Amino acid sequence: LKELADRIIEEHPIELGFIKDIGIEIGYVRSYQRKIKDGCIVYADTEKTKHKYLAFLPFDFVITFYEPNVALFNDEQRRILMWHELKHIGIGERGFKVMPHEIEDFISIIEKHGLRWADSSDNEEWI
């Protein structure tokens, strides 16, 4: 996951270059548990490491891929998903923050890959 993220950051220097420039540390986790939230499949998520855990975790953010939910994704879908998660990394007035979605996804991803790029069937909702 780290190699994939590094490639995507290099491919999108204007959007994501600040991650390397500032030295933001990201931990990558593969979870073998399914995650469902509000009845929707969660493919991955990005969390800011809580201040009290920074003594134990050397990461500013953690990106988790839920492997059972992305098992049927092809390489391109995994690449887009990582791009999506990296877009959540941001800086606010009080330091690092998880950026919200612009709409259901990020505009730059939708423009290139369409709104429902992750669908493997027309019946599944996604977040």
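The structure, which is a predicted model, holds 2 aromatic pairs. In one of them, Y43 and F73 are tilted towards each other, with 4.9 Å from centre to centre and 45° between the planes. This pair links distant parts of the chain, since Y43 sits in the loop between β3 (40-41) and β4 (44-48), while F73 sits in the loop between α3 (67-70) and α4 (75-87), 30 residues apart. Both Y43 and F73 are buried.

The other pair is formed by F61 and F96, whose ring centres lie 5.9 Å apart with the planes at 50°, so this pair is tilted. It too links distant parts of the chain, with F61 in strand β5 (residues 61-66) and F96 in strand β7 (residues 95-98), 35 residues apart. F61 is buried, at a relative accessible area of 0%, whereas F96, at 27%, counts as partly exposed.

The structure also holds 8 salt bridges, and the table gives some of them.

| Salt bridge | N to O distance |
|---|---|
| D6 and K2 | 3.0 Å |
| E15 and K87 | 2.8 Å |
| R78 and E67 | 3.1 Å |

D6 and K2 are 4 residues apart in helix α1 (residues 2-11), which separates them by about one helical turn, and K2 is partly exposed at 45% relative accessibility. By contrast, the bridge between E15 and K87 links distant parts of the chain, namely helix α2 (residues 13-22) for E15 and helix α4 for K87, 72 residues apart. Here E15 is partly exposed, with a relative accessible area of 25%, while K87 counts as buried at 16%.

R78 and E67 form a salt bridge that ties helix α4 to helix α3, parts that are 11 residues apart in sequence, and both residues are buried. Finally, salt bridges that share partners join K2, D6 and K20 into one network.

Conventions:
Residues numbered from 1 in each chain as written. Predicted model: local features only at pLDDT ≥ 70, side-chain atom pairs only at ≥ 80, totals over all residues. Heavy atoms only, no water. Phe/Tyr/Trp six-rings, centres within 6.5 Å; stacked < 30°, edge-to-face > 60°. Helix = DSSP H or I, 4+ residues; strand = E, 2+ residues; numbered from the N terminus. Buried < 20%, exposed > 50% of the residue type's maximum accessible area, 1.4 Å probe, protein only. Salt bridge = Lys/Arg side-chain N within 4 Å of Asp/Glu carboxyl O.
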